[in-house]
Amino acid sequence: MLIKVRKPWELREQDVTSQQLYVNRRQVIAGLGIAGAAAALPVSALAGAFDGAIKTDWGKDELPTSLKDITSYNNFYEFGTDKGDPKKYAHKLTTDPWSIKISGECAKPGTYALEDILKGQDVEERIYRLRCVEAWSMVVPWNGIQLSEILKKFEPTSKAKYVSFKTLYRPKEMWGQRRNFIDWPYEEGLRMDEAMHPLTMAAIGIYGDTIPNQNGAPIRLVVPWKYGFKSIKSIVEIEFTEKEPRTSWNIRLPREYGFYANVNPTVDHPRWSQAKERRIGDFFRTPTKMFNGYASEVASLYDGMDLRSFY
Ligand SMILES: Nc1nc2c(c(=O)[nH]1)N[C@H]1C(S)=C(S)[C@@H](COP(=O)(O)O)O[C@H]1N2
Ligand SMILES: [Mo]
């Protein structure tokens with residue numbers, strides 16, 4: 001007999017969660033009494049854009065951070081450097097229409113409307129840990145698409161060894177860009193095998209709804225085994241390159257932030273320890289895991305590399 005071993009990211013059959021279950025969960029999130037609220041509100045009033053998202057096994061045993069914390073404690077320096085700034089100012093960002101310029105080593109370069117890029121893709125729910133380099137963390141139920149499914153549409157050539165991403169530059173809506181805190185626009189990059197890894201995601205939703213602006217609307221990267229700064233928000237450019245691309249934090253503080261930025265509790269930041277982290281909402285700190293707990297999936301990507309010098 002042939003028994004198919006399911007990888008954690010593969011879909012569970014019959015696991016498109018019923019609308020009712022989601023409604024209940026959303027009421028729990030909102031702190032409403034389930035019975036009372038269900039009677040008072042029609043299903044449609046609570047239904048989110050991605051309530052039908054395909055559930056995956058990723059993070060099924062994790063306790064997600066509250067929607068309130070996920071959307072009010074943010075790093076998005078285009079809107080200011082305080083954790084509360086993105087929530088305060090990101091509503092100014094226009095996310096529709098939105099297009100992404102695709103360039104570099106691929107057969108299908110061009111500028112594509114976001115709807116065309118997303119057309120025909122199944123939206124999944126994946127619950128991932130997010131570990132910021134500043135030693136705090138969250139657990140986020142993302143809705144989105146495996147990044148490889150998007151990238152392969154543009155047919156990267158064999159010369160494409162890396163892929164680089166840029167955030168929107170629009171200082172009229174993003175007041176933080178009027179200061180030279182970073183050499184705008186924010187840029188990030190991955191090695192091609194990292195970008196095509198099944199864990200890497202393009203997120204367009206959180207908790208079953210459209211992704212809030214402060215979390216990187218309308219589309220952002222999620223690379224759960226790397227420090228949060230690699231997961232670039234509000235993407236408008238994707239370029240396939242032969243050489244390792246520039247990255248904003250490496251340009252700003254090269255001795256503190258490398259290209260790889262894999263979560264590693266044994267390599268301290270020059271100014272603080274990375275051994276532990278504080279999960280937002282928790283009081284005590286917990287030990288940080290190698291590759292943020294995703295070592296069995298991704299460690300082999302770095303075989304033969306010295307993880308202390310490729311920080
Ligand atoms: N464009 C852009 N992307 C960004 C950032 C930013 O300042 N600008 N901050 C990064 C950092 S440091 C982290 S920890 C995560 C935070 O994502 P969250 O606010 O959704 O939790 O976004 C990353 N992506
Ligand atoms: Mo971060």
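Student: At what relative accessibility does E155 count as partly exposed?

Tutor: This is a predicted model, in which local features need pLDDT of at least 70 and side-chain atom pairs count only at pLDDT 80 or more, while totals for chains, interfaces and linings use all residues. Residues are numbered from 1 along each chain as its sequence is written, chains are lettered from A and ligands numbered from 1 in the order in which they are written, and side-chain values use heavy atoms, with hydrogens and water left out. Buried means under 20% relative accessible area, exposed means over 50%, and partly exposed lies in between (1.4 Å probe, protein chains only). E155 counts as partly exposed because its relative accessibility is 40%.

Student: Which residue forms a salt bridge with E155?

Tutor: A salt bridge is a side-chain nitrogen of Lys or Arg within 4 Å of a carboxyl oxygen of Asp or Glu. For E155, the closest N and O atoms of the pair are 2.7 Å apart. E155 lies in the loop between α7 and β6 and its partner in the loop between β2 and β3, so the pair ties together parts that are 47 residues apart in sequence. The partner is K108.

Student: Why is strand β4 largely enclosed by the rest of the structure, and how many of its residues are buried?

Tutor: Strands (E, at least two residues) and helices (H or I, at least four) are DSSP runs, numbered from the N terminus. In a regular strand the side chains alternate between the two faces of the sheet. Both faces of β4 are covered, with E124, R126, Y128 and L130 buried on one side and E125, I127, R129 and R131 buried on the other. The strand is therefore largely enclosed, since the number of its residues that are buried is eight of the eight.

Student: Which residues do salt bridges with shared partners join into one network?

Tutor: The side chains of E62 and R279 meet in a salt bridge at 3.8 Å, N to O, and this pair links distant parts of the chain, 217 residues apart. E62 counts as partly exposed because its relative accessibility is 22%, whereas R279, at 19%, counts as buried. Salt bridges that share partners make one network of E62, R129 and R279.
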